[in-house]
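This briefing sets out selected features of a two-chain model. Please consult the sequence and the structure alongside the text.

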Amino acid sequence: MDDTSRRDALKVGGATLGAAAFARALAPLTEWEPTTSVDAFLQRHYKELDPAELGTILRRLEDETLEDYGASVSIEDVRPTPGVRFGYALNLSVCIGCRRCAEACHQENNHDRPSHQSYIRVLEIDKGSIDLEKGRTDYDHAVPRGDKFYMPVQCHQCDNAPCVKVCPVEATWKEADGIVVVDYNWCIGCRYCEAACPYHARRFNWEKPEIPAEEVNPDQAYLSNRVRPAGVMEKCTFCLHRTRKGKLPACLEACPTGARVFGNVLDPDSEIRWVLENKRVFVLKEDLGTRPRFFYYFDG
Amino acid sequence: MQAPPTVPDVAPTAHTRTYPQFLWQALRVATDGGLPFYAWMTALTAVFLVGVNAFAHQTVEGLALTAMSDHVSWGMYIGNFTYGVGLAAGAVMMVIPAYLYRDEAMHDVVIVGEILAIAAIVVSLAFVNVDLGRIDRIWHMMPVVGRFHWPVSMLTWDVVVLSGYLFLNLHVVGYLLYTRFLGRTPDPRWYVPFVFLSIVWAVSIHTVTAFLYSGLGGRPFWNTAILAPRFIVSAFVTGPAFIVLALQVVRRLTHFHVGDPPISTLVAILRVTVLGNLFLLGSEVFTELYSGGTHTASARYLYFGLHGHHALVPWIWSAITMNVVAGALLLSSSARRQLWRIDVACVLALCGVWIEKGLGLIVPGFVPSSLHELVEYLPNQLEWKVTLGVWALGLMVFTIGLKVAIAVFSGQMHAQKGAA
C-alpha cells in the first residue's frame, strides 16, 4: 500500500513536470500573430464573400498595414472586365537583360526588401540554344553581351495551370481575364503549387515581408500587390490592380527597349494581337501542355 | 480507439460501463512500468519536447528558420512524410500472411503491424503539418467548412486515404483489444472485412503519395511511372524490417509470446523486396543516365554532382551501399541461426530507404530548379530537431499501443467480473 502510494506520488510528480515542460516548450507561440485576430482566423474564401464582408476585410487589412508597416494604403477589390483576356509577349531580340523589369516588379508589388524578391527572373543564355540549362540568372557584368541573349521569366498565367490543379484548398484559381490569382488569406502554405510550377513563377513568404513605410506602394488590390502575410504563396498577377484599370504592367513600363507587349487578345486592334498574328511566337516548355498566356518571339 | 458496435449477446448499456473501464485501465497500463519503460518514455518525451519547442519557434518566425528556399521548397519534412507513409503501408506485410494465407503464427502477432500502421500514419500526418506555412488555416482543408479541392488535387486524395487508413487500423485494433478485454471471441463480421479493406488501402496510401510527385510534369525527376511501384516495394522493405526488430524487442522485454515463424516469414519477404527495390532503382538510374539530356540533370546531380554541386552524392551512395549490404546479408544469413546478421540488415535497409526515399527523392526534384538554377539544400539544426521530435512522438504512440495490446493479450487488463 505504502509502495503504491509512493509510486502514484512519483507519477503525479512526473506528469506535472512533463506538463510544465510542455508548456515551456510551447511558450514562443504566445507571440504568434494569427492568435491575435479572430476575424482573420475565421475569414472565408474570397469567392464566398459578399461585397459588405469583403469591404470590412479590406478596411481591416488597411488598418493592419498601417499598424504593422506605418503606411496608409488603399486596398481595392478590382474585378476582371468582361470581354478581356490578357496576353503578354516579349521580344527576345531586343531584351538587353538589364533587369529593370524585375526591379520595377520588386517595388510595384511590395516585395520583401532584404531578399530583394521579384516575380521576374532574367536568364542569360548562350546564343544558339534555348536550353535553359545553358542559362544563368546570377550574371553580374555589363549587359548586353554579344554572345548571349536574355530571357525574362515570370508567371505565364497558363490556361492549363498545374499550380491551380494541385492546390488542395482552391486558394489559387484562374480568373475570367486569364490571370491566375492567390487568396493570401486562404492559402495554407503547403507549397504544392510551387513544386508543380514548371516556370519557377511562384514564391513563398518564408517570413513576414520587410518594407520601410516610405517604400510601400499604397495603391493595392486584395488579389495582387497588398503586403502578403507570412507563410503563404504569392505570384505575378500581370499587375491586375493596374491592368484591370486600363494601365500597363509595371514591368512593361520599366522596360527601356520596348521588348514587352501587353494587352487584350480579344481586341483585334491591339498590339498584342498584331504580335501574335504576325510574329513567330513560341511559349516556354510547350511540351508540358500548360498553354501559357505569355509568349516569346524573335524579330525577323 | 472508437467504440465497437454492439456485440449481439451483450446488453447495449453494458458498454457504457465497460468501455470507460477499458480506457481507464489502458491509461494506467500506458503510464505504468519498470525502470527501462520509464527511462525510454522519458527520453522520448525529452526529444519530443525539443521538437515541440523548435516547431513553436518555426511557427512564430516563419519557415525562414529552415534551410528551405524558393528553389528547394520541400525538404526534410516532406521526405520524412513520404518515408512514414511507406512504413505504414509496409505494415500490411504482416496482415497479408496472417489473413490471406491464414498463417496462424503470424496471426498471433499481427496486432504489432497494425499498431505500427497507426503510429506511422500519426508520424506522416505530423510531418505534413509541421511543413505548412499556415497551420492555423488547416481547417480550410476540411470538406464542407473549408474548400476541399477533391478530386482534382492529389493532396486531397492523400488526406482521404491517410485518414481512412488511420481509421481502419484504429477500428481493427480497438475492436480486437476491447473484445479480448471483455473476455469474448471477436466476431469476424466486425473486423475481417475491415482487415481486407485495409490491405487494399495500404497499397493506395503509398500509391497516392507517389502520385503527388509523379503527377507533376514540370519535375522530370519525379514524373516517372515507376515511382509508385518503387514506393510500394520500398514500403515492403521498411515495414517488415521495422517489425522484425520490434518483434525481437517485444520478445526480450515482455512476456508476450513471439515465436520464430513470423520472423522467418518477414525475413523471407524482405529477401525479395530488398532486391526488388534495388532492381527498380537500377532501372530508374539506367533510363535516366543512358538517354542523357536536360531532363536527367536531377539524376546526374543526385548520383554524381552537377557543375561542382554535390551535397547529396555521399548520401545517396551511402544509401545504395546500405541497401546492397542489407540484401547480401539477408540472402546469406539464416533467420534462425544468425538472427543478429538479419538485424544488421534490417537496420541498414531502414536507413538506406530513409535516405533514398527521403532527401534522395525530394531534394533532387528541385535541383536544378525548373529554370535550371542550382541551389542546394541540406536540413539545418531546427529541421533535425522538429524531425526527431515527430519520430519520438511516433515511437511513443507505438510503445503505448504495444504495451496496452500486450496487457490485454496477457490477461493483465480485463473487464471486472459482472461488468460485462
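The points below cover the interface, a helix pair, a glutamine and some backbone features.

The model is predicted: local features need pLDDT of at least 70, side-chain atom pairs count only at pLDDT 80 or more, and totals for chains, interfaces and linings use all residues. Residues are numbered from 1 along each chain as its sequence is written, chains are lettered from A and ligands numbered from 1 in the order in which they are written, and side-chain values use heavy atoms, with hydrogens and water left out.

**Interface of chains A and B**
- About 5,100 Å² is buried between chain A and chain B, with 57% of it on carbon and sulfur atoms; buried area is the accessible area (1.4 Å probe) that two parts lose on being put together, summed over both.
- Of the area that chain A buries against chain B, 15% comes from A:Glu133, A:Tyr192 and A:Trp206, more than from any other three residues.
- Chain A contributes 61 residues to the contact and chain B 60 residues, where contact means heavy atoms within 4.5 Å.

**Helix pair in chain B**
- Helix α7 (residues 188-214) and helix α8 (residues 227-253) of chain B pack at an angle of about 140 degrees, their axes being 8 Å apart.
- This angle makes α7(B) oblique to α8(B); angles under 35 degrees count as roughly parallel, over 145 as roughly antiparallel, 65 to 115 as roughly perpendicular and the rest as oblique.
- Among the residues making the contact are B:His206 and B:Phe211 of α7(B), and B:Phe231 and B:Ile232 of α8(B).

**A buried glutamine**
- B:Gln58, in helix α2 (residues 35-61) of chain B, is buried at a relative accessible area of 3%; buried means under 20% relative accessible area, exposed over 50%, and partly exposed in between (1.4 Å probe, protein chains only).
- Beyond its neighbours within four places in sequence, B:Gln58 contacts residues including B:Leu63, B:Tyr77, B:Val130 and B:Leu382.

**Backbone features**
- Most residues other than glycine have a negative phi, and most peptide bonds are trans.
- A:Val143 and A:Pro144 are joined by a cis peptide bond, with omega about -5 degrees.
- In chain B, a cis peptide bond links B:Trp150 to B:Pro151, with omega about 10 degrees.
- A:Cys239 has a positive phi, near 50 degrees, and is buried at 6% relative accessibility.
- A:Arg291 also has a positive phi, near 50 degrees, but is exposed at 51% relative accessibility.

Conventions. Axes are lines fitted to C-alpha atoms, for helices over the stretch in contact, and angles run from 0 to 180 degrees between N-to-C directions. Helices (H or I, at least four residues) and strands (E, at least two) are DSSP runs, numbered from the N terminus.
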